[in-house]
Amino acid sequence: MSKSILSPATSWKMDPHIWSQLPEELLEHILCFLPVMNVFNLASKYKRLNSLIFKPSFISRYYSVSRSSASSSFLLLAHPYFDQHFLLYDFVLGTWTELSFSIEPCIPSSSLQTTSNGLQCFSIPNSSSFLVCNLLWFKIFIISSGPSLNFAFLYDSRSRSWSQFEGFGRGENYYQPGVCRNDYLYFTTTTLGSPSVVCFDMESGKWRSVSGELPRELTFARLVGDGEGRLYMIGGVGRNGISRCLRLWELGAGENWVEMETLPDMMYRKLVSVWYHNYEHVYCFWHQGLICIGCYTWPEILYYKVARRTWHWLPKCPSLPDNWRCGFKWFSFVPELCASV
């Protein structure tokens with residue numbers, strides 16, 4: 001359920017008698033012209049609609065009708081103090097809204113870990129389990145590492161089974177979730193104190209190192225994929241573990257890293273004042289043509305428009321309390337009726 005937090009929400013109600021008498025074919029036709037977020041909101045309130053929207057016939061019809069219209073997409077902000085709700089920023093409208101998920105009451109403290117299209121993946125406290133919402137088919141990848149053992153686990157919802165594979169080396173530190181590119185998952189890790197990039201083949205279960213040499217004097221690195229085969233790397237460049245600038249590269253032919261941009265000095269100074277060289281708090285993700293850079297200790301987000309080659313700051317949401325200092329987690333949220341990973 002979503003609502004605007006900048007203007008009063010319009011109060012309206014559906015007449016249950018009228019809607020319950022509509023033929024299913026007519027009801028499907030009406031829903032096909034609604035944005036996907038409106039479809040989800042209605043389905044959360046009316047049991048008949050909830051069972052209808054996940055029928056293959058409706059999903060096929062919905063996308064055939066709505067293909068020409070722009071899809072809804074948001075930046076989603078999660079925080080430990082939120083109680084099963086999140087903040088959404090709409091770049092098209094330039095507005096903030098709130099979104100609530102209907103999670104089972106027996107797991108009220110579940111934490112959002114990642115999103116992909118319409119998928120939301122929550123971790124369940126005091127458990128080794130995950131809750132996956134709004135998805136027909138998906139895969140979950142987990143790395144379990146220790147001083148002597150290192151394993152990778154892959155869950156496929158089609159077969160409802162887990163597969164176990166060997167991890168990459170021992171004692172490696174995986175700084176961010178894997179980035180998917182052409183059926184491979186790419187990770188940044190450390191080898192003898194220096195950043196490196198490795199990848200995991202989800203079909204064969206084999207690991208390998210990316211052959212291209214990383215840029216010199218790289219202090220930290222984060223990967224971002226556009227979902228269409230392009231892989232980017234955001235990294236700090238400096239000496240003795242201290243970054244002096246932030247640069248952007250793209251993985252090119254021969255797995256060589258090609259430099260694209262350098263963050264302007266004034267914007268980098270603000271970024272450093274936020275994380276103060278504590279790079280473990282920094283994370284990156286892709287959102288509809290944007291490379292987004294977030295920090296767990298800062299409510300704003302830095303983003304790079306790939307098409308225009310420009311950098312921008314997204315200011316803090318006006319509804320956030322001033323005394324919230326950490327725990328900010330941003331995600332790309334593109335709701336779909338049928339999402340895949």
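This is a predicted model: local features need pLDDT of at least 70, side-chain atom pairs count only at pLDDT 80 or more; totals for chains, interfaces and linings use all residues.

Trainee: Which residues of helix α6 are buried?

Mentor: An α-helix has 3.6 residues a turn, so residues three or four places apart point the same way. Buried means under 20% relative accessible area, and exposed over 50% (1.4 Å probe, protein chains only). In α6 (residues 265-275), Met267, Tyr268, Leu271, Val272, Val274 and Trp275 are buried. They lie on the same side of α6 because they cover an arc of only 155° around the axis, taken from the directions from the helix axis to the C-beta atoms. Exposed Met266, Arg269 and Ser273 sit on the face turned away from the buried side.

Trainee: How do β17 and β18 pair?

Mentor: Two strands pair if DSSP finds at least two bridges between them; strands are DSSP runs (E, at least two residues), helices H or I runs of at least four, numbered from the N terminus. β17 and β18 (residues 257-262) are antiparallel, with 5 bridges. Their hairpin has 5 residues between the strands, and Gly254 in the turn has a positive phi of about 70°.

Trainee: What does the side chain of Asp90 reach?

Mentor: A polar contact is a pair of N or O atoms within 3.5 Å; within protein, one must be able to donate a hydrogen and the other to accept it, and residues adjacent in sequence count only if both atoms are side-chain atoms. The Asp90 side chain reaches the backbone nitrogen of Leu93 at 3.3 Å.

Conventions: Residues are numbered from 1 along each chain as its sequence is written. Side-chain values use heavy atoms; hydrogens and water are left out.
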